[in-house]
Amino acid sequence: MNPKDGAREELTRWRERLVALSHRIHANPELAFEEERAARWTAEALSEAGFAVDSGICDLPTAFVARTGSGPLHIAICAEYDCLPAIGHACGHNVIAAMAVGAAIAAAKVADDVGLRLSVIGTPAEEVCDAGGKILLLERGAFAGVHASMMVHPGPVDVVEPRIIAATMFDVHYTGKEAHASAFPERGINAADALTVAQTAIGLLRQHVRPTDRMHGIVTKGGDAANVVPAHTSARYMVRAETLAELEEIRAKVFRCFEAGALATGAKLAIVGGSKPYAEMLHDRAMAAVYRRNAEALGRVVPDLGPFADRFAASTDMGNVSLVLPSIHPMIGINSLPAVNHQPEFAAHCATGAADQAVFDGSLATAWTAIDLATDRAFRDRLTRPRSALPRR
């Protein structure tokens with residue numbers, strides 16, 4: 001049997017179980033580093049399929065690796081399964097987890113025949129945007145020996161090379177001094193004023209940054225009582241830029257805005273986190289072209305997004321993986337428009353018939369891509385060469 005036909009046949013056998021896994025994770029959303037059930041259910045499905053599973057790898061309780069095959073080309077498929085606060089799986093990580101399982105099971109059917117070694121790496125905490133699971137797993141050796149990595153992410157429409165930019169997230173804390181807000185306001189140091197000054201400065205800074213830079217955040221504590229000068233305020237902010245190098249520039253400017261709030265009010269400033277930012281994504285364009293051919297062979301349509309493609313900008317720790325080894329991160333459409341990622345309406349779309357079809361199509365397109373990479377000698381030779389000799393694009 002043709003290897004791709006064999007992969008499709010195996011995936012078809014698993015189709016209902018994969019959809020059930022996607023829906024089960026969707027119905028039980030878990031935040032970053034707390035994905036105990038999702039990680040366990042994803043790993044159990046792979047174990048049932050004959051993969052050797054190690055859970056709690058790299059001192060991360062909700063990370064795992066599942067392995068099979070003994071070929072010369074080692075491909076890692078990344079599974080994500082954390083959710084967003086308050087709005088659940090509004091980025092569709094339930095679909096990602098099911099696709100990772102499906103792709104690996106389909107490719108495993110023919111792995112030894114085509115020369116593949118497969119690892120599914122369960123990567124927690126993608127949504128934290130600072131020291132995400134993949135960054136920690138990279139640092140701790142989970143990707144050692146891997147030649148290429150892949151994952152597929154749901155979105156409104158199919159996009160083969162989505163624009164993924166660098167990002168960092170951090171917490172800001174101001175400490176002032178309480179006082180009676182009416183009787184003795186002069187005896188207080190207003191931490192809320194410090195945050196207001198900082199946010200005003202960031203608003204003014206927007207005129208003087210690159211169009212590709214992004215700054216956005218929320219106030220996580222504004223005070224305790226209207227008649228008490230706030231002594232403690234905090235915020236969580238994200239800063240993004242096209243590359244890690246540009247991110248460092250804009251982050252320094254944003255930090256000065258927060259310093260201005262402290263200087264103006266006399267409050268003390270502490271900035272926590274942001275030490276392990278997310279990198280820009282370097283899509284391996286040759287691998288992406290193979291994925292596109294396979295997705296289109298399944299009837300997927302990759303539209304020309306025009307100016308919208310330039311506006312689209314997201315971030316993921318898969319970017320950090322792509323700086324180390326050839327990687328792809330295509331989006332697969334779930335027919336959600338006008339709903340888009342990070343909206344409650346998008347979360348609802350991630351457990352529909354269109355999302356279930358995406359689980360099957362994304363799994364098979366990824367499996368077929370792995371088969372093509374293993375059976376094409378030029379691809380295999382390029383990917384298995386020592387990393388220093390490997391062209392990045």
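Which residues are buried in H1? In this predicted model, the buried positions of H1 are Gly-6, Ala-7, Glu-10, Leu-11, Trp-14, Leu-18, Val-19, Leu-21, Ser-22 and Ile-25. These buried residues pack against three helices, namely H2 (36–48), H3 (93–108) and H12 (353–375). Helix H1 itself comprises 25 residues, spanning positions 3–27. From its first C-alpha to its last, H1 reaches 35 Å, close to the 36 Å expected at 1.5 Å a residue. At the start of H1, the backbone nitrogen of Lys-4 lies within 2.7 Å of a side-chain oxygen of Asn-2.

Beyond its neighbours within four places in sequence, Thr-42 is in contact with Leu-21, Ile-25, Phe-64, Tyr-81, Ala-97 and Val-101. Thr-42 is classed as buried because its relative accessible area is 0%, where the cut-off is under 20%.

The largest nonpolar core contains 68 residues, and those with the most contacts inside it are Leu-46, Ile-75, Leu-116, Val-120 and Met-287. Helix H12 gives the most to this core, contributing twelve residues. A second, separate core consists of 23 residues, including Ala-198, Ile-202, Ala-235 and Ile-250. When residues up to four places away in sequence are not counted, Met-287 touches Ala-148, Ser-149, Met-150, Pro-326, Ser-327, Ile-328, Thr-369, Leu-373, Phe-379, Arg-382 and Leu-383.

Definitions and conventions:
Residues numbered from 1 in each chain as written. Predicted model: local features only at pLDDT ≥ 70, side-chain atom pairs only at ≥ 80, totals over all residues. Heavy atoms only, no water. Helix = DSSP H or I, 4+ residues; strand = E, 2+ residues; numbered from the N terminus. Expected span 1.5 Å × (residues − 1). Buried < 20%, exposed > 50% of the residue type's maximum accessible area, 1.4 Å probe, protein only. Contact = heavy atoms within 4.5 Å. Polar contact = N/O pair within 3.5 Å; in protein donor to acceptor, adjacent residues only side chain to side chain. Core = buried A, V, L, I, M, F, W, Y, C linked by side-chain atoms within 4.5 Å.
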